[in-house]
Amino acid sequence: MAAVTALRGSCRAAGRLVCIHRVRSCSSIRFIKSKYVCVFDKSALKFSHQQRLFRTSAVSCGQIVQFKLSDIGEGITEVTVKEWYIKEGDSVSQFDNICEVQSDKASVTITSRYDGIIRKLHYNLDEIACVGKPLVDIEIDASKGLASEEDVVETPPVSHEEHTHQEIKGLKTLATPAVRRLAMENNIKLSEVVGTGKDKRILKEDILNYLAKQTGAILPPSPKAEIMPPLPKSETVPAAPKDKARKIPVPVFRPIVLSGKDRTEPITGFHKTMVKTMSAALKIPHFGYSDEVDLTQLVQLREELKPLAQIRGVKLSFMPFFIKAASLGLLQYPILNASLDESCKNVTYKASHNIGVAMDTEQGLIVPNVKNVQVCSVFEIASELNRLKSLGSAGQLGTNDLNGGTFTLSNIGTVGGTYAKAVILPPEVAIGALGKIQVLPRFNGKGEVFQAQIMNVSWSADHRIIDGATMARFSNLWKSYLENPASMLLDLK
């Protein structure tokens with residue numbers, strides 16, 4: 001660097017330097033400038049190595065910045081690089097996608113904090129990247145302001161201002177500066193908010209509604225919300241005829257290898273989370289309780305409400321009713337919506353009912369949760385479930401969707417089976433497994449046989465703080481809400 005400084009000083013004395021392309025240890029060094037040819041003897045310069053090259057320019061002098069992986073949060077220390085959106089030599093601007101990384105909880109897209117040129121990728125695909133270590137080297141234009149020492153040496157943990165540099169894969173947020181400021185002040189990631197404006201633009205009402213779900217506050221309905229009246233009976237959308245024939249499961253065909261070698265693969269992604277969670281669950285003494293529920297009236301009610309939900313753009317399944325009934329039961333038995341500390345000396349009763357729903361995806365088992373069910377309507381729960389299922393299928397669920405659960409329902413009946421032994425997800429203390437709905441013969445009060453829509457449920461509870469009678473009473477209350485859906489109206493808030 002001392003040699004380069006000396007060369008620059010000499011060039012200022014000789015005139016305006018156009019460009020120094022190379023400086024090599026040789027018999028003489030020539031500087032090309034308009035109308036001049038200046039010759040210097042090599043004795044004026046001292047090099048530490050005979051073949052060392054220096055490259056600089058008076059027009060462009062860049063600085064290499066190591067862009068490091070920021071703290072994603074939730075105790076995540078390493079991620080797997082799943083996809084690069086750039087390559088060495090590409091030009092990038094602020095907020096351009098750099099790469100997609102997969103933690104053991106969610107898929108996250110990292111975006112650039114600088115304008116510059118990519119000089120080096122530090123990881124190949126499927127390699128493990130550590131928090132605080134460089135992802136890429138970016139050459140930035142020093143004439144536009146050098147990066148601070150903190151940027152060059154170490155990237156601090158993600159702050160409010162940096163939330164916009166880490167967004168869920170595939171989601172582009174459209175919002176006005178005022179809306180972005182409101183989100184920043186409330187520590188909300190725009191990528192986790194569903195926009196209701198044009199082209200899914202995020203509005204102020206979307207931020208307020210999202211904040212209400214997080215805090216449990218009840219906000220007045222937006223004036224833009226339009227409730228569609230029920231259609232006249234003559235215009236009601238006819239329900240699709242059901243095929244009463246027995247459904248034959250279609251096998252999933254995969255290439256069959258008759259011969260080959262054993263292979264060993266590392267456990268990564270959601271499977272890694274499953275290993276940790278289930279290992280911790282083995283420490284919990286499980287108590288099991290099973291029962292059957294007659295859903296005949298609920299099946300009829302859902303058929304009446306499905307067309308109305310479709311008009312409002314929401315697919316209505318049975319799960320929103322199961323979730324809402326569970327929340328009403330948790331209000332009466334809050335011990336099921338609690339957590340036990342590691343020392344087993346304190347029980348924390350959760351104010352919010354963040355009810356998780358187990359989902360089977362290509363990435364593995366995930367359990368996102370619907371926040372603050374206690375203040376949500378059945379329609380709002382259905383809308384949120386639609387969003388979670390869409391993101392889960394695309395592998396785009398955020399950490400906020402996956403964390404904070406207080407109670408879980410697993411609808412194993414969508415795959416098959418009647419009873420199951422559900423495993424509790426720590427730090428929760430209870431979980432329910434729902435079987436498939438079957439048409440079975442049952443007796444009514446007069447002793448007459450009729451067709452009933454029967455579903456089996458299997459509960460598991462932490463027997464350290466929950467006794468069998470409490471679990472049975474909760475199940476009976478939950479069952480009564482579903483067998484008589486109109487009774488839920490009496491307790492809805």
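By salt bridge I mean a side-chain nitrogen of Lys or Arg within 4 Å of a carboxyl oxygen of Asp or Glu. Arg442 is partly exposed as well, at 26% relative accessibility.

A quick word on the background. This is a predicted model, where local features need pLDDT of at least 70, side-chain atom pairs count only at pLDDT 80 or more, and totals for chains, interfaces and linings use all residues. Residues are numbered from 1 along each chain as its sequence is written, and side-chain values use heavy atoms, leaving out hydrogens and water.

Now, how many salt bridges does a search of the whole structure find? The search finds ten. One of them joins Arg119 to Glu139, with the closest N and O atoms 2.5 Å apart. That pair links distant parts of the chain, with Arg119 in strand β8 (residues 116-121) and Glu139 in strand β10 (residues 134-141). Strands here are DSSP runs of E, at least two residues, and helices are runs of H or I, at least four, numbered from the N terminus.

Another salt bridge pairs Arg263 with Glu265, at 2.9 Å between the closest N and O atoms, and both residues are exposed.

Zooming out, the protein chain has eleven helices and 21 strands. Of its 493 residues, 39% are buried.

Notes. Buried < 20%, exposed > 50% of the residue type's maximum accessible area, 1.4 Å probe, protein only.
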